[in-house]
Structure formats: structure tokens, C-alpha cells
Amino acid sequence: QVQLVESGGGLVQPGGSLRLSCVASGSSFSIYTMDWHRQAPGQQRELVARIRSSGIKTYANSVRGRFTISRNNAKNTVWLQMNSLKPEDTAVYYCNAHSGVGSEDTYWGQGTQVTVSS
């Protein structure tokens, strides 16, 4: 079992930055692929960024060049650094740990709200 707790969300002006954190409890954090997803009101949840156990990273086209995902296995933590934020980045951001796409071995955090507004 893995429990995930996100933090770092809040209200920021367009062009600003936020850093989201996701701390995992339980063992074997290093073997999991860690994703950040987001869901805006009335929209489907979408994958924002992924970092595999190997360290390979992938990003949604909408955030590439602005967001950076990173992890520290010794701290059981994954971060999402978000720069040059736009109003369309407003959403609830969720941390997800999984053993592969579609795997039953998957865990979600409770989400943290990010609001980009002037």
C-alpha cells in the first residue's frame, strides 16, 4: 500500500510559479512511475507529467517547457515545478503512483487546488 499526500497548491497570478510536492508513505517508492494529473471543472482528468523509475520524463504538450517533474527516492517525494503559469492551468492537481499504465497497482493522492488568476 502507498499513501500519497500533495501540497503546494494555491492562488497565483498569471506568469507566476508554484511548486507542488507529493510525499509517499510505504515501501518501494523507487519502483513506481510517478505522474501528475490535473482536472479542471467540467473537464476530464489529464496527464500533465510523468517520471519513471529510470528517471525518464514526459510532459503534456500544453506544459512542456514550463513545468518540470522531479523525484527524490530517498525522500519518497516527487515535485512539479510550474513556471509561467496561465489561467488555463487552473485545476486540481493529483499525484499518482503506479506500476504501469492500466496496472491495478495504482495509488492516488487527494489533490491540491491550483488557481491562476489576476
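**View 1. Strands β1 and β3 side by side.** In this predicted model, β1 (residues 3–7) runs antiparallel to β3 (residues 18–25), with 5 bridges between them. Strands here are DSSP runs of E, at least two residues long, numbered from the N terminus, and two of them pair if DSSP finds at least two bridges between them. Look for S7, whose bridge partner in β3 is S21. L4 and E6 sit on the covered face of β1, while Q3, V5 and S7 are on the uncovered one. In a regular strand, side chains alternate between the two faces of the sheet.

**View 2. The C22–C95 disulfide.** A search of the whole structure turns up 1 disulfide (cysteine sulfur atoms within 2.5 Å). C22 and C95 form that bond, S to S 2.1 Å. The bond ties C22 in β3 to C95 in β9 (residues 91–98), 73 residues apart. Its S-S torsion is about -80°, so it's left-handed. C22 is buried, at 0% relative accessibility, and C95 is buried too, at 0%; buried means under 20% relative accessible area, exposed over 50%, partly exposed in between, with a 1.4 Å probe and protein chains only.

**View 3. Around N83.** N83 lies in the loop between β8 (77–82) and β9 and is partly exposed at 28%. Setting aside residues up to four places away in sequence, N83 touches G16, S17, R66 and F67 (heavy atoms within 4.5 Å). Its side chain makes polar contacts with the side chains of S17 (2.9 Å) and Q81 (2.9 Å). A polar contact is a pair of N or O atoms within 3.5 Å; within protein, one must be able to donate a hydrogen and the other to accept it, and residues adjacent in sequence count only if both atoms are side-chain atoms.

**Notes.** Residues are numbered from 1 along each chain as its sequence is written, and side-chain values use heavy atoms, leaving out hydrogens and water. Local features need pLDDT of at least 70 and side-chain atom pairs count only at pLDDT 80 or more, whereas totals for chains, interfaces and linings use all residues.

Conventions:
Helix = DSSP H or I, 4+ residues; strand = E, 2+ residues; numbered from the N terminus.
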